[in-house]
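Hi,

Here is the structure I promised to pass on. Have a look at it first, and my notes follow below.

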Amino acid sequence: MIDRAREAYPGVRAFATTLREVVSVNQHLWGALLWESGNWHVVEPRDIYVYDRIGGRRFCGRDALCHPSRLAGGAMGPVRLGQQPL
């Protein structure tokens, strides 16, 4: 895909895409590829945990997603991105 984009847009110096593999409904592998000026950079896929899917996410502040059940001041508070569930 990146090679096709490079051919279509030869003046662009960087292209990136994310990689996602679904392990289960609540666990995915997520990584990324970046091509810049002839160099490839790879972020190997790593586990991420899906707390809520389409329609239920609310942003609670910098680097935090709140599950609707946590918005009423629940004991668990916001979920920090990049952390595994407790």
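This is a predicted model: local features need pLDDT of at least 70, side-chain atom pairs count only at pLDDT 80 or more; totals for chains, interfaces and linings use all residues.

Residues are numbered from 1 along each chain as its sequence is written, and side-chain values use heavy atoms, with hydrogens and water left out.

Now the overall layout. The protein has one helix and six strands, taking helices (H or I, at least four residues) and strands (E, at least two) as DSSP runs numbered from the N terminus. Read from the N terminus, the order is α-β-β-β-β-β-β. There are 86 residues in the protein, and 17% of them count as buried. The accessible surface is about 6800 Å², with 54% of that belonging to carbon and sulfur atoms; these areas come from the Shrake-Rupley method with a 1.4 Å probe, and for residues only the protein chains shown count as cover. As for contacts (heavy atoms within 4.5 Å), take those between residues at least 6 apart in sequence: 15% of them join residues at least 24 apart.

Back to His 28, which belongs to strand β2 (residues 27-36). Strand β2 pairs with β1 in the antiparallel sense over 10 bridges, a pair being two strands with at least two DSSP bridges between them. Two residues lie between β1 and β2, which form a hairpin. Across from His 28 in β2 stands Val 22. Val 22 is also among the residues that His 28 touches, leaving aside those up to four places away in sequence; the others include Arg 20, Asp 47 and Ile 48. With Arg 20 there is a polar contact too, side chain to side chain, at 3.4 Å. (A polar contact is a pair of N or O atoms within 3.5 Å; within protein, one must be able to donate a hydrogen and the other to accept it, and residues adjacent in sequence count only if both atoms are side-chain atoms.)

Ala 32 is opposite Val 43 in β3. The hairpin of β2 and β3 has two residues between the strands, and Ser 37 is in that loop. What is the phi of Ser 37? Its phi is near 50°, a positive value in a residue other than glycine. Most residues other than glycine have a negative phi.

The aromatic rings come next. The structure holds one aromatic pair. Phe 15 and Trp 35 make up this pair, which is tilted, at 6.1 Å centre to centre and 45° between the planes. (Rings of Phe, Tyr and Trp, the last by its six-membered ring, pair if their centres lie within 6.5 Å; planes under 30 degrees apart count as stacked, over 60 as edge-to-face and the rest as tilted.) The pair links distant parts of the chain, with Phe 15 in β1 (residues 14-24) and Trp 35 in β2, 20 residues apart. Both Phe 15 and Trp 35 are buried.

Methods:
Buried means under 20% relative accessible area, exposed over 50%, partly exposed in between (1.4 Å probe, protein chains only).
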